[in-house]
Amino acid sequence: MLLEEFDMDEYIKMERRDSYEDGLSESLSQGHINGEYSHRIHTVYNMFHKNIPAETCANLLNEDISFVNKIYLLCQTHAEWSEDTLKKSLSEK
């Protein structure tokens, strides 16, 4: 009796809908994470250009000092880099 009521087309539609919703939710979560990371880089980059010491920056932002030092080092080494170039460099590592 159960097999008589099973509709393969409806099952496929349901699976597609569920998969789409799962993928959308995952994409939104990943986008939020990427946005937060990008904002962290942006803030540290700006603090570097305002000549705020790395330790002070880390303390004010409650950020890991190694993360701040990495950005400060890249900013010092590559003064010509834009913020976007810095972000690309950090995402490659």
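These notebook entries record what I looked up in a predicted model.

**Entry 1: Ground rules.** I note that the model is predicted, that local features need pLDDT of at least 70 and side-chain atom pairs pLDDT 80 or more, while totals for chains, interfaces and linings use all residues. Residues are numbered from 1 along each chain as its sequence is written, and side-chain values use heavy atoms, with hydrogens and water left out.

**Entry 2: Aromatic pairs.** I looked for rings of Phe, Tyr and Trp (its six-membered ring) with centres within 6.5 Å; planes under 30 degrees apart count as stacked, over 60 as edge-to-face and the rest as tilted. The count by this rule is two aromatic pairs. In one of them, the ring centres of Tyr37 and Phe67 are 5.9 Å apart and the planes stand at 55°, so I recorded this pair as tilted. Tyr37 belongs to helix α2 (residues 8–49) and Phe67 to helix α4 (residues 65–77), so the pair ties together parts 30 residues apart in sequence. Helices here are DSSP runs (H or I, at least four residues), numbered from the N terminus.

I then checked burial, where buried means under 20% relative accessible area, exposed over 50% and partly exposed in between, with a 1.4 Å probe and protein chains only. Tyr37 has 31% relative accessibility and is therefore partly exposed. Phe67 has 9% and therefore counts as buried.

The pair of Phe48 and Tyr72 is edge-to-face, with 5.1 Å from centre to centre and 80° between the planes. Phe48 lies in helix α2 and Tyr72 in helix α4, so this pair ties together parts 24 residues apart in sequence. Both Phe48 and Tyr72 are buried.

**Entry 3: A charge over a ring.** I applied the rule that NZ of Lys or CZ of Arg must be within 6 Å of the ring centre and within 35 degrees of the ring normal. The charged end of Arg40 sits over the ring of Phe67, 4.2 Å from the ring centre.

**Entry 4: The largest nonpolar core.** Such a core is a set of buried Ala, Val, Leu, Ile, Met, Phe, Trp, Tyr and Cys residues joined through side-chain atoms within 4.5 Å. Which residues touch the most other members? Of its 16 residues, they are Val44, Val68, Ile71, Tyr72 and Leu86. Helices α2, α3 (54–61), α4 and α5 (83–92) each supply at least two residues, and α4 gives the most, with six.

**Entry 5: Ser89.** Ser89 is in helix α5 and, at a relative accessible area of 10%, is buried. Leaving out residues up to four places away in sequence, Ser89 touches Leu74 and Trp81 (heavy atoms within 4.5 Å).
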